[in-house]
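This report describes pockets, cavities, charged pairs, surface features and backbone geometry for the structure shown below.

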Amino acid sequence: MADIFYDIYYKRLTELGNDRGLGRAGTMHNALSKFIEASDIKDLWKPLPTPSRHSETKATAVDGGVRELELRDGSAIIIARAIAVNNTGEQPIKDVVVNWVPVFTPAIKWVLLSYVEGEVALRAIERGKYDFLLLDGSLYAKITALIHELILTKGFLDLYYIPEVIRALENLYNVLDRARELGVNVIFMSKDSKLKIYKDYILFKALKEIILSDVPFVNINKELLDILNRGIDWYSVVWIRNYRNKLIALAKNYNGSHRDLIRVGIRMALSQSISDMMLLEELIRMQGVRVGITRKLLIGAMDAYLNHKSLIQIDNLLKFIRDRIEDSAGLRTVDDYGNLNIDEELGIVRRALTEFPRILMMYVKFHDNDAPMAVEIPYYDWPLFNHSVPWKLFYDKIDISEHLALLMDMYRDPIHYNKLLWLAHEYANFGEDQFLEYTMAAVNKLRIQTKRRFGMAFNIDLSPQSEDAQE
């Protein structure tokens, strides 16, 4: 059918292009440059080392894809698949999870995807003798999202799938633990990270230093310093209404000599449109960085919500999780979706959270025209919930030259940022034609009725067909 909307679309696009707000969103050069002298920011980017290449380094990379087939009764079939490819000539390892769920929620998709990726990764490192395991995405984001799913009721129906979240959490821990036993180095890579971990650390350290430089001309109370310290240590105080409001009040009422600078800094800290990536790219432009690596940031259980609610004490956290498991057990029993052993489920969570390693995070820029890429490595010496070490600190003494050598060797261009991960993505990602084939097989094999929008999307009848009709 002809597109009868394009003329309106193009008009609106032109109007959007004339909106100065779109351009302002990425402009912070003048403001950021004033913060450089107030923190570690001026030393953030380091030159890339030139490690010797090791072509014999053996690596495997895992990525996955997931789609849902919603049915007319509100239930759904989730299809999640993952593949591990390698540079040793071994056969790829692959698997597919096909789950019927009584109600569909978006959370169950990424939970099952995380699970199948973990299963494939585990099988890959146990069957092959690899030096490195590469995984797509952010390790910090994965573990935090799973913990949040265990304690936060984002949607009532998410309660159905607490056991699946626990399986995914256990799986992620098992991959890291087994990799450690086998001597396999694990690297998580995020090409388009929206995290604000470096941003919070840098901006709040700068704000604290600038405000302290006004002492004794400005009275700095303990509560204000506490907010700034939490801004440095946590990710991210902006999510907590109380702290957000106090920062806004500080911007309005601050009367020190750096009043305007403080206001701009707080605005940048509160802005959700400024991420690590934007901040680092601005520094790159200012400092003329062509290629490089940031200082390594060691991070623990720094999540602002967990800290604010005193849930970084694992026993307190488990009390919340027990409630969610009990709620899930009740719902699943009603729908005959399986019985749960609550103590057993809680024991799995306790073990994973108690022993989960800290994370060493950095950003790498391999090419002039490339954006910084987030790289995360599990750091086993300190657990994630260890209170004896700050939640965030620069920790440069760890040698990652072998990791960098591998990543540099596998880098091709800004699109194909890692040859193995890109190959895994190409295999695992669902194309529309493939998904239609999967859908037709499910409809005919299981004799199910899909929502009408699937038939409309593909312009075909998705009613179950007999085998004779198929032939």
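Predicted model: local features only at pLDDT ≥ 70, side-chain atom pairs only at ≥ 80, totals over all residues.

The side chain of Asp-368 meets that of Arg-290 in a salt bridge, with an N to O distance of 3.3 Å. The two residues are 78 residues apart and link distant parts of the chain: Arg-290 lies in the loop between helix H11 (276–287) and strand E7 (292–294), and Asp-368 in the loop between strand E9 (357–365) and strand E10 (373–383). Arg-290 is exposed, at 53% relative accessible area.

A further salt bridge joins Asp-343 and Arg-322, at 2.7 Å from N to O. This pair also links distant parts of the chain, with Asp-343 in helix H14 (residues 342–355) and Arg-322 in helix H13 (residues 314–334), 21 residues apart. Asp-343 counts as exposed at 53% relative accessibility, whereas Arg-322 counts as partly exposed at 28%.

## Further charged pairs

Side chains of opposite charge can pair when their charged atoms come close. The structure holds 21 salt bridges. One of them is formed by Lys-246 and Glu-223, whose closest N and O atoms are 2.4 Å apart. Lys-246 belongs to helix H9 (residues 241–253) and Glu-223 to helix H8 (residues 222–233); the pair links distant parts of the chain, 23 residues apart. Both partners are partly exposed: Lys-246 has a relative accessibility of 29%, and Glu-223 has a relative accessible area of 44%.

Salt bridges also connect Glu-126, Arg-178 and Glu-181 in a network.

## The largest pocket

The largest pocket has a volume of about 720 Å³. Its lining consists of 25 residues, and those nearest the centre are Asp-63, Asp-136, Gly-137, Ser-138 and Lys-142. By class, the lining comprises 10 nonpolar, eight polar and seven charged residues.

Several elements each supply at least two residues of this lining: strand E2 (59–70), helix H4 (106–127), helix H5 (139–151), strand E6 (185–190) and helix H16 (419–428). The largest share comes from H4, which provides four residues.

The model contains two cavities of 30 Å³ or more. The largest cavity has a volume of about 120 Å³. Its lining is formed by Ser-114, Glu-117, Gly-118, Leu-135, Asp-136, Lys-142, Leu-146, Ala-168, Leu-172, Val-175 and Phe-188. Two or more of these residues come from each of H4, strand E5 (132–136), H5 and helix H6 (162–182). The lining of the largest cavity divides into six nonpolar, two polar and three charged residues.

## A nonpolar surface patch

Which residues form a nonpolar patch on the surface? The patch consists of Tyr-6, Tyr-9, Tyr-10, Leu-13 and Leu-16, which together have about 520 Å² of accessible area. Leu-13 lies in helix H1 (residues 6–17). This leucine, Leu-13, is partly exposed, with a relative accessible area of 37%.

## Backbone geometry

Most residues other than glycine have a negative phi, and most peptide bonds are trans. Ser-310 has a positive phi of about 60° although it is not a glycine. Ser-310 is located in the loop between helix H12 (304–308) and H13, and counts as partly exposed at 41% relative accessibility. Arg-447, also a residue other than glycine, has a positive phi near 55°. The loop between helix H17 (432–446) and helix H18 (452–458) holds Arg-447, which is partly exposed at 49% relative accessibility.

Tyr-235 and Ser-236 are joined by a cis peptide bond, with omega about 0°. Ser-236 is in the loop between H8 and H9.

How values were computed: Residues numbered from 1 in each chain as written. Heavy atoms only, no water. Patch = residues over 30% accessible without salt bridge, like charges linked within 9 Å, V, L, I, M, F, W, Y side chains within 5 Å. Areas by Shrake-Rupley, 256 points an atom, 1.4 Å probe, with all protein chains shown as cover. Salt bridge = Lys/Arg side-chain N within 4 Å of Asp/Glu carboxyl O. Buried < 20%, exposed > 50% of the residue type's maximum accessible area, 1.4 Å probe, protein only. 1 Å grid on protein atoms, 1.4 Å probe; cavity = no way out; pocket = protein on both sides within 12 Å on 5 of 7 lines; lining within 4 Å. Points joined across faces, edges and corners; volume = space filled by probe spheres on them. Nonpolar A, V, L, I, M, F, W, Y, C, P; charged D, E, K, R; others polar.
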